[in-house]
Amino acid sequence: LRARPGEMALAHCGVLFLDELPEFQPRVLESLRQPLETARTAVARVNYHMTYPARFQLIAAMNPCKCGMAGEPGHSCRRGPRCAIDYQSRISGPLLDRMDIHIELPAVRASDMTLPPASEGSAEVAARVAAAREVQQARFAEAGRPDLMTNALADGQLLEDIATPDDAGRALLAEAADAMNMSARGYHRVLRVARTLADMDSSDVVRRVHVAEAVSYRQRTAMVRAAA
């Protein structure tokens, strides 16, 4: 029997969303690591070996702890900080290292629903994203790589060539890489995000402000940092 494509292969050229990330079995989470690097997934059995394309955008969500209330004002877990540490530690460092952006979001309160709408709507954001993608496509075509469409596909020397920060940004990145003990993979992911932020800002140069924002997206959650 021919191996059927799994969720990663079915998400090719799309989005793979995993909710409650720590609730997945460790072997399932670790199986994401190689496809995130190679954009391919393999199914190996005794009588056959199948490889499927699997270039997807991984988006994952999780609570800060098992009860979901860690860090909330007026709430304390019965197990204290250990609750958040144990829960978040279900996600391995190598898997987290392969995620470009880590964002910590506070809980939405009922009073937040009465706030005025954001000054920039979804249509305006979509227009900026489309413009940035056009810039990236043109940049890769000029570099002789028309097969690449977005910064997410660039890696290695090509990424360093197109995302070299200015002097202030380079100094900040070197300082952050040392302070955060970044891996080479993490370093390149900061460069990639900083280049995209510059494109969204209509800037030809990756500046210190872009590097600073990209670095801020590689922080682990505050609860684990505070308790570690």
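Which residues does Thr41 touch, not counting residues up to four places away in sequence? Thr41 touches Met8, Ala9, Pro35, Met50, Thr51, Tyr52 and Ala54, where contact means heavy atoms within 4.5 Å. Thr41 lies in strand E2 (residues 40-44). With a relative accessibility of 11%, Thr41 counts as buried; buried means under 20% relative accessible area, exposed over 50% and partly exposed in between (1.4 Å probe, protein chains only).

The model is predicted: local features need pLDDT of at least 70, side-chain atom pairs count only at pLDDT 80 or more, and totals for chains, interfaces and linings use all residues. Residues are numbered from 1 along each chain as its sequence is written, and side-chain values use heavy atoms, with hydrogens and water left out.

The protein chain has eleven helices and four strands, taken as DSSP runs numbered from the N terminus (helices H or I, at least four residues; strands E, at least two). Its C-alpha trace spans about 60 × 55 × 40 Å along the principal axes. Of its 228 residues, 33% count as buried. Among contacts between residues at least 6 apart in sequence, 65% join residues at least 24 apart.

Helix H10 (residues 208-216) packs with H9 (residues 184-200). The buried residues of H10 pack against H9 and also against H8 (167-179). The table gives the geometry, with axes fitted to C-alpha atoms over the stretch in contact and angles running from 0 to 180 degrees between N-to-C directions.

| Pair | Angle | Axis separation |
|---|---|---|
| H9 and H10 | about 130° | 8 Å |
| H8 and H10 | about 25° | 7 Å |

H8 and H10 are therefore roughly parallel to each other, whereas H9 and H10 are oblique. Angles under 35 degrees count as roughly parallel, over 145 as roughly antiparallel, 65 to 115 as roughly perpendicular and the rest as oblique.

In the contact with H9, Val190, Val193, Ala194, Leu197 and Ala198 meet His210, Val211, Glu213, Ala214 and Val215 of H10. These residues divide into eight nonpolar, one polar and one charged. From H8, Ala168, Gly169, Leu172, Leu173 and Ala176 meet Arg208, Val211, Ala212 and Val215 of H10. By class, that contact has seven nonpolar, one polar and one charged residues. Ala, Val, Leu, Ile, Met, Phe, Trp, Tyr, Cys and Pro count as nonpolar, Asp, Glu, Lys and Arg as charged, and the others, Gly among them, as polar.

The buried residues of H10 are His210, Val211, Ala214 and Val215. Seen down the axis of H10, they fall within an arc of 135°, so they line one face of the helix; the arc is that of the directions from the helix axis to the C-beta atoms.
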